[in-house]
Each structure stands twice: as structure tokens, then as C-alpha cells.
Amino acid sequence: MESFENIDAKSVKEAVATLQKLRQQGKKALPVSGGSELLQLMKDRVATPDYLVNLKRSQG
Amino acid sequence: LTTLSEIEEHKAVQDKLLILSAAAGEAASPQIRNSGTIGGNICQRPFCWYFRSASFTCLRKGGEVCYAVAGDNRFHAILGGGPSYIAHPSDVAPALVALDARIKIAGPAGEKVIPLEKFFVLPRVDFKRENILGPDEIVTELQVPYPKAGSKGFYHKARERQAWDHAIVSVATVVQRRGEMCQGARVVLGGVAPIPWRAAKAEEFLRGKRLDEGTAQQASEIALEGATPMKDNGYKVGLAKSLVQRSVLTAV
């Protein structure tokens, strides 16, 4: 798996804004919740995000 | 952020939406169901071995070729394929489409709610994606109406081994009946097409018919009309027919 940075989003709104901001900066960012699918894709190097925007700690 | 385990075990889902509970309980392994969410499940990428392998830059990953066409295609699509032949891996998606669920998506422009059926994208429309979700969008909610009175649901999954595996073929059926007559039906197949596959012509055929073995048999033939199996996946056609028949007869 390639290295990546994790960002905890406090809300869905914040997560969407963060994803948009990172993409506009030319960074690859993906949202993650349970992680059972995305982490597998990252191990297989099918997904290679620079950032994960974590929804697990968000409140609505 | 609701996990598959929470859906499987929720009392109201078990009482009113049994096929959803059943489908959630058939997905993956207990560990994955405890972590994986229902929203993530319907957004899964394909489990095609060429797609998942770093050695193959396939059509869906920006390459030129869908390697399933000439390669080992025993688990690939028999309906709705071309130019890519992935089989949609989700268990809960066919159940949710059979239940006429709606999906809420949050994005930079705000929220939108659309029928779940319209969420999925066939490869002939765009072979690089499985759904309409944009890069800055997040699935936030699934809305499932309670089935009409007199409805009965059925979810069955056939797989290569008995546990922790994807569906080779699955079928989610909701039949609304009065007495022996079918008033309406939704029949949705998993594992046979790049999207949860609604057998719309079979649904139409079933409406107003007496629910018996003959009807079930004809519905299953209609559901698989137009199937285009490849070298290794012809067995899926018969399997899917059997499951459609069984699902319709379960409503009797």
C-alpha cells in the first residue's frame, strides 16, 4: 500500500468541502467509512489516494 | 455509517424488509459486515480478477482491453455487458432495488435524492464507473419504503463456496399478490450484469398472472432472454433461471 494522509471530517458538509478543495489542488482524495472495500483496493493498488477523508467520526 | 451487521440484526428491518436483512446477512464475512457499511457496499468496485490485479491495465482502469473477453470469464456478466463485462458484486443492491429504494447523495451543490436504480451505470454508458457518484460526492442515506400489503420478498444467493464469497448469481424478488394472482413484482438479479439487473420484461409478464409453476417457468425464461454468455459463464444462465423460478414460487 502507498502511504496516505488521513483527515477526520466532523460532518458530511466538511467532508465534501475537503474533497473538493484537495481535488482542486490536484491531490487524489477519497472518502472512507467502514474501509473494508477501500483499504483492499489500496492494497491492490487499484486506488492510490494521497488523502483519505474519514467519515467515521462525523456527526451527520 | 450503518454497517451491514446493523441492517441484518435490526428488528424493524427483519419485520418489514426481510429480504434486505437477508441480503445484508449473506454479504462477505462477519468481520467485514461489522465494519463495512451499507452505503459502501453499493459503491463497491468490481471483483473482476483482471480489474483487481496490478498486472492488468484493463479497460476500466484506463487500458484498451476488457481481459475477460478472451480470458477466464467464469464469473463475468451474461447480461448488459460490453465493452466491459464486470459482474456487480453487491448483495444488498439487488434487494434495495427490488424494494424500490431511493438514495441520497451529498455534494458541493447540496443534496439530491434519486431512485437507487438510476444510481448504477452500464459500461455502454461509461465503462470506467459503476455508478453516477462524482469525485466530491458522498452517499448519505438510503430510503426504503415499506412494501405494499400482500407483498412477499425473497433473496437467494448462489456462490461457489458456502460462505464469505460473492454471488455467482443472486436474485431479489418482491411479489405483491392477492389470492393466487400476482398484482405486481420486482425481480432484480445480482452477479449477472455490471449493475443490479432488473428483469423488467419478466416483471411485466408476471403482473395479473396466476402464480404457479408454469408462470414461474415462463417468467424465468423471459428474465434471461437476450443473455450473451461467454466461454466459461454459460452455467449462469440456467442458474439464474432456477433462482427466478424459485423466487416466484416462494410467493405462492
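1. Secondary structure of chain B. In this predicted model, chain B contains 10 helices and 7 strands. Its radius of gyration is 18 Å, close to the 18 Å that the globule rule gives for 252 residues, so chain B is as compact as a globular protein of that length. Along the principal axes, the C-alpha trace of chain B spans about 55 × 40 × 35 Å.

2. Burial and contacts in chain B. Of the 252 residues in chain B, 52% are buried. When contacts between residues at least 6 apart in sequence are considered, 64% of those in chain B join residues at least 24 apart.

3. Charges in chain B. This chain carries 32 positive and 26 negative side chains. The centres of the two sets lie 2 Å apart.

4. A lysine in a strand. Lys104(B) belongs to strand E1 of chain B, which covers residues 102–107. With a relative accessibility of 16%, Lys104(B) counts as buried, because the limit for that class is under 20%. Leaving aside residues up to four places away in sequence, Lys104(B) touches Glu111(B), Lys112(B), Val113(B), Ile138(B), Val139(B), Thr140(B), Glu141(B) and Gln143(B).

5. Cysteines. A disulfide is a covalent bond between the sulfur atoms of two cysteines. The count over all chains comes to 0 disulfides. For Cys58(B), the closest cysteine sulfur is that of Cys48(B), at 6.1 Å, which is too far for a bond; the cut-off for a disulfide is within 2.5 Å. Cys58(B) is buried, at a relative accessible area of 6%. Cys182(B) also counts as buried, with 2% relative accessibility.

6. Fold of chain A. Chain A has 2 helices and 3 strands, and these follow the pattern β-α-β-α-β along the sequence. The radius of gyration of chain A is 11 Å, close to the 10 Å given by the globule rule for 60 residues, so chain A is as compact as a globular protein of that length. Its C-alpha atoms fill a box of roughly 30 × 25 × 15 Å along the principal axes.

7. Among the 60 residues of chain A, 40% count as buried. For contacts between residues at least 6 apart in sequence, 54% of those in chain A join residues at least 24 apart. The accessible surface of chain A is about 3500 Å², with 46% belonging to carbon and sulfur atoms. Chain A has 10 positive and 7 negative side chains, and the centres of these sets are 5 Å apart.

Definitions and conventions. Residues numbered from 1 in each chain as written. Chains lettered and ligands numbered in written order. Predicted model: local features only at pLDDT ≥ 70, side-chain atom pairs only at ≥ 80, totals over all residues. Heavy atoms only, no water. Buried < 20%, exposed > 50% of the residue type's maximum accessible area, 1.4 Å probe, protein only. Helix = DSSP H or I, 4+ residues; strand = E, 2+ residues; numbered from the N terminus. Rg over C-alpha atoms; globule rule 2.2 N^0.38 Å. Contact = heavy atoms within 4.5 Å. Areas by Shrake-Rupley, 256 points an atom, 1.4 Å probe, with all protein chains shown as cover. Lys, Arg positive; Asp, Glu negative; His and termini not counted. Charge placed at Lys NZ, Arg CZ, Asp CG, Glu CD.
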